[in-house]
Every structure is written in C-alpha cells, then in structure tokens.
Amino acid sequence: MIFVTVGSRNYPFDRLFKKLDELYEDGILTERMFAQIGTSTYKPKHYEFEDFISPDEFMKKIKEADIVVSHGASGSIMKALNEDKKVIAVTRLEKYGEHINDHQIQNNEAFSNNGYVLMADLELENLGECFQKIYRGTDRLKHWGNRDPMAIVNLIDKFIQKNW
C-alpha cells in the first residue's frame, strides 16, 4: 500500500494528486493507495482519500504502507523513516500557492542528498521514476533507523553549511 500525506496546513497540493492519477492511468501505479489530501480541491479518481485524518490514523497508515509519499515536512518524513518505510519526498512550491515559501526544497534536498529519501523533481516530472526505482529495488536508500528527534535539525544544518 502507498500512503500519501500532505499535512493539514491551509495550502492545496492539487498538482500532486493529479500527477498520481496520471501515473495510475499510465499503468505505472497499480497498487492500492490512500491519500490524505488536506485542503486540496482536486478529488482523486483512482485511489482512496480523505481530507484529514487523526494522528492515530496517520500512524496506522504509515505502518500499513510499503511506500510513503510525503510533502517536505520533516516530521512526516521522519515518522515514515522511523517505521523503516521507503519515502518519496515531494515539494510544495510557493509559486503554485502550495506554501508560504520554498523551505521544503531544503528539507527534501537534505534528506535526499544524504540518501534517506527519493526526492521527486520540483515539477513532479520524475515521480513515476521514483516509484519505479523502488519497485525495481534500485532506489539505494539508506536505512534511517530510529533516530534522535534532533537528527533532522543536525542533518539540515549540515546540509546548509555545506551548500551555502
């Protein structure tokens, strides 16, 4: 099962859900998916969804999933990694009204450049390739393990210092 989460902030992420429907229509995705779509107005056609779910339901869905697709919220990504799930990180962009700024780029790049998640490109053009890498076993993702909650802060600080 694939679990998709985009959080509960008041910003839609319609282009992600449209892209996921396209991947079903193209035959790239065939397995069951559940998406927490937040305030997105696009309603998926090929998979189950709810606007919001409780924290308990969130953790239940992560545990059930083989793959978690998460927006660039470090908390959501770390919860999935702590459960040893394969994670595809997708980035909300300010230019599409998906967030107030582009800070998710740095979050996702930090996780991706360290080998813990696959990061879809900013326009989601390679999202299908991310799934295919996982399906083929060529994703080469590192095991995260159950890390200290400050691990992400340290990871992002290290990334910023190295790249700025």
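1. Start with the helix pair α2 and α3. The helices span residues 55–64 for α2 and 74–82 for α3, and their axes lie 9 Å apart. The crossing of α2 past α3 is right-handed. On the α2 side the contact uses Phe58, Met59 and Ile62; on the α3 side it uses Ser76, Lys79 and Ala80. Sorted by class, these residues are four nonpolar, one polar and one charged. Note that this is a predicted model.

2. Helix α3 also packs on helix α4, residues 103–113. Here the axes come within 10 Å and cross at roughly 25 degrees. The pair is therefore roughly parallel. From α3, the contact takes Ser74, Ile77, Met78 and Leu81. From α4, it takes Asn107, Asn108 and Phe111. The class count is four nonpolar, three polar and no charged residues.

3. Burial along α3 deserves a look alongside those two contacts. Ser76, Ile77, Met78, Ala80 and Leu81 are buried in this helix. Of these, Ser76 and Ala80 take part in the contact with α2. Ile77, Met78 and Leu81 take part in the contact with α4.

4. Most residues other than glycine have a negative phi. Asp84 sits in the loop between α3 and β5, the strand at 86–90. Asp84 counts as exposed, because its relative accessibility is 51% and the cut-off is over 50%.

5. Leu124 is another non-glycine residue with a positive phi, about 65 degrees. Leu124 belongs to the loop between β6 (118–119) and α5. Is Leu124 buried or exposed? Leu124 is buried, at 1% relative accessible area.

6. Thr5 lies in strand β1, residues 2–5. Its relative accessibility is 2%, so Thr5 counts as buried. Which side chain does the side chain of Thr5 meet in a polar contact? The partner is the side chain of Gln36, at 2.9 Å. Beyond four places in sequence, Thr5 touches Gln36, Phe58, Val69, Ser70, His71 and Ser76. Two of these names have come up already: Phe58 of α2 and Ser76 of α3 both belong to the α2 and α3 contact.

7. Cys130 is part of helix α5, residues 127–136. Cys130 is buried, since its relative accessible area is 5%. Its contacts beyond four places in sequence are Ile88, Leu118, Met119 and Ala120. Met119 is eleven residues away in sequence, and the C-alpha atoms of Cys130 and Met119 are 7.6 Å apart.

8. Asp139 is in the loop between α5 and α6, the helix at 151–163. Asp139 is buried, with 10% relative accessible area. A polar atom of the Asp139 side chain lies 3.0 Å from the backbone nitrogen of Leu141. Leaving out residues up to four places away, Asp139 touches Lys86, Leu118, Lys133 and Ile134. Leu118 is also in contact with Cys130.

Key: Residues numbered from 1 in each chain as written. Predicted model: local features only at pLDDT ≥ 70, side-chain atom pairs only at ≥ 80, totals over all residues. Heavy atoms only, no water. Helix = DSSP H or I, 4+ residues; strand = E, 2+ residues; numbered from the N terminus. Buried < 20%, exposed > 50% of the residue type's maximum accessible area, 1.4 Å probe, protein only. Polar contact = N/O pair within 3.5 Å; in protein donor to acceptor, adjacent residues only side chain to side chain. Contact = heavy atoms within 4.5 Å. Axes fitted to C-alpha atoms, helices over the stretch in contact; angles between N-to-C directions. Left-handed = near helix turned anticlockwise from the far one by under 90°. Nonpolar A, V, L, I, M, F, W, Y, C, P; charged D, E, K, R; others polar. Parallel < 35°, antiparallel > 145°, perpendicular 65-115°, else oblique.
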